[in-house]
Amino acid sequence: QQFNDQNLRVLTESFYWSDETKKWMGMQKSIWNFDSIGNEIYFESLFWDQYNQKWTGQLKYTIQINYTDSVGEIIYYNWNQETSAWVYNSKQIKKKDGFGHLVLQEDYYWDSYNQLWIGGGKMEYAYDASGRQIMNAGYHWDQSLKIWVGDYKSENRYDQNDREIFYAGYN
């Protein structure tokens, strides 16, 4: 294992002893990178290709964070064996409020044929002054209309003793 100057793990490698070859053989390798304040911004997982005797991609993601408006975007990649390159798989956009509560999450999937992101699902959340979740709503992407379409919504209200005094669910 290797750690950076912030004492965050940036590399792990796993090996096993081969009785057949009398050598240590690679199994798994993971690589991380962090921004200057310690937030993870990159991860890559590789496995040892015994046939080609090299590390080969398995999974990778990158994280971009906009600290001004608390929006984060995570892009996931898969390894394409034919092209020996990382290719888009999916992405997730998350937004948090000033208290760190998740208020929006959007999921997208990569359409490799048309070379564009297609909406998958979307969630919205709201909170009261005490930080209790008082609304959540779910949506799916309508590809023909190119819009988010509501699937459900629920709302809650609480009294000063944290007892739920109102609930409504909509489909």
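Me: Is Phe15 buried, exposed or partly exposed in this predicted model?

Reply: Phe15 is partly exposed, because its relative accessible area is 41%. Burial takes a value under 20%, and exposure takes one over 50%.

Me: How many aromatic pairs are there, and how do I read one?

Reply: Look at the distance between ring centres, then at the angle between ring planes. The count comes to 13 aromatic pairs. Take Phe15 and Trp55: their ring centres are 6.2 Å apart and their planes meet at 75°, so this pair is edge-to-face. Trp55 is partly exposed, at 21% relative accessible area.

Me: What geometry do Trp79 and Trp86 show?

Reply: They too form an edge-to-face pair. Centre to centre the distance is 5.1 Å, with 80° between the planes. Trp79 is partly exposed, at 23% relative accessibility.

Me: Which residues form an aromatic cluster?

Reply: Trp32, Phe43, Tyr61 and Tyr76 make up one such cluster.

Me: Now the sheet. In what order do the strands run, and in which sense do they pair?

Reply: Strands of a sheet pair through backbone hydrogen bonds, in parallel or antiparallel fashion. Here 12 strands form an open sheet, and the pairing is antiparallel. The order is β1-β2-β3-β4-β5-β6-β7-β8-β9-β10-β11-β12. Strands β1 and β12 (164-170) are the edges, each pairing on one side only.

Me: How do β1 and β2 meet?

Reply: Strand β1 (residues 2-3) pairs with strand β2 (residues 9-18) in the antiparallel sense, over 2 bridges. Gln2 stands opposite Leu11 in β2. The two strands form a hairpin with 5 residues between them. Check the turn for a positive phi: Asn7 has one of about 65°.

Me: How many bridges join β2 to β3?

Reply: There are 8 bridges, and the strands run antiparallel. Strand β3 covers residues 23-34.

Me: Salt bridges next. How many does the structure have?

Reply: Side chains of opposite charge can pair when their charged atoms come close. A search of the whole structure finds 7 salt bridges. In one of them, Lys29 meets Glu13 at 3.7 Å, N to O. The pair connects strand β3, which holds Lys29, with strand β2, which holds Glu13, across 16 residues. Lys29 is buried, at 17% relative accessible area. Glu13 is partly exposed, at 38%.

Me: What does Lys91 pair with?

Reply: Lys91 forms a salt bridge with Glu73, with the closest N and O atoms 3.6 Å apart. Lys91 lies in strand β7 and Glu73 in strand β6 (residues 71-80), so the pair ties together parts 18 residues apart in sequence. Both residues are buried. Lys91 also lies over the face of Tyr108, 5.4 Å from the ring centre.

Me: Where does the salt bridge of Asp162 and Arg132 sit in the chain?

Reply: Its closest N and O atoms are 2.0 Å apart. Asp162 is in the loop between β11 (147-158) and β12, while Arg132 is in the loop between β9 (116-127) and β10 (133-142). They are 30 residues apart. Asp162 counts as exposed, at 52% relative accessibility. The network of salt bridges here links Asp128, Arg132 and Asp162.

Me: Which side chain of opposite charge is nearest to Lys60?

Reply: Glu44 is the nearest, at 5.6 Å. A salt bridge needs nitrogen and oxygen within 4 Å. Lys60 has no salt bridge, yet it is buried. Lys60 belongs to strand β5 (residues 54-66).

Me: What surrounds Lys60?

Reply: Set aside its neighbours within four places in sequence. Its contacts are then Tyr42, Phe43, Glu44, Ile75, Tyr76, Tyr77 and Trp86. Lys60 lies over the face of Tyr77, 4.7 Å from the ring centre.

Me: Last one: where is Gly100?

Reply: Gly100 is in the loop between β7 (85-96) and β8 (102-111). It is partly exposed, at 39% relative accessible area. Compare sequence distance with distance in space: Gly100 and Ser70 are 30 residues apart in sequence and 8.3 Å apart, C-alpha to C-alpha.

Methods: Residues are numbered from 1 along each chain as its sequence is written. This is a predicted model: local features need pLDDT of at least 70, side-chain atom pairs count only at pLDDT 80 or more; totals for chains, interfaces and linings use all residues. Side-chain values use heavy atoms; hydrogens and water are left out. Two strands pair if DSSP finds at least two bridges between them. Helices (H or I, at least four residues) and strands (E, at least two) are DSSP runs, numbered from the N terminus. Buried means under 20% relative accessible area, exposed over 50%, partly exposed in between (1.4 Å probe, protein chains only). Lys and Arg count as positive and Asp and Glu as negative; His and the chain ends are not counted. Contact means heavy atoms within 4.5 Å. Rings of Phe, Tyr and Trp (its six-membered ring) pair if their centres lie within 6.5 Å; planes under 30 degrees apart count as stacked, over 60 as edge-to-face and the rest as tilted. A charge sits over a ring if NZ of Lys or CZ of Arg is within 6 Å of the ring centre and within 35 degrees of the ring normal.
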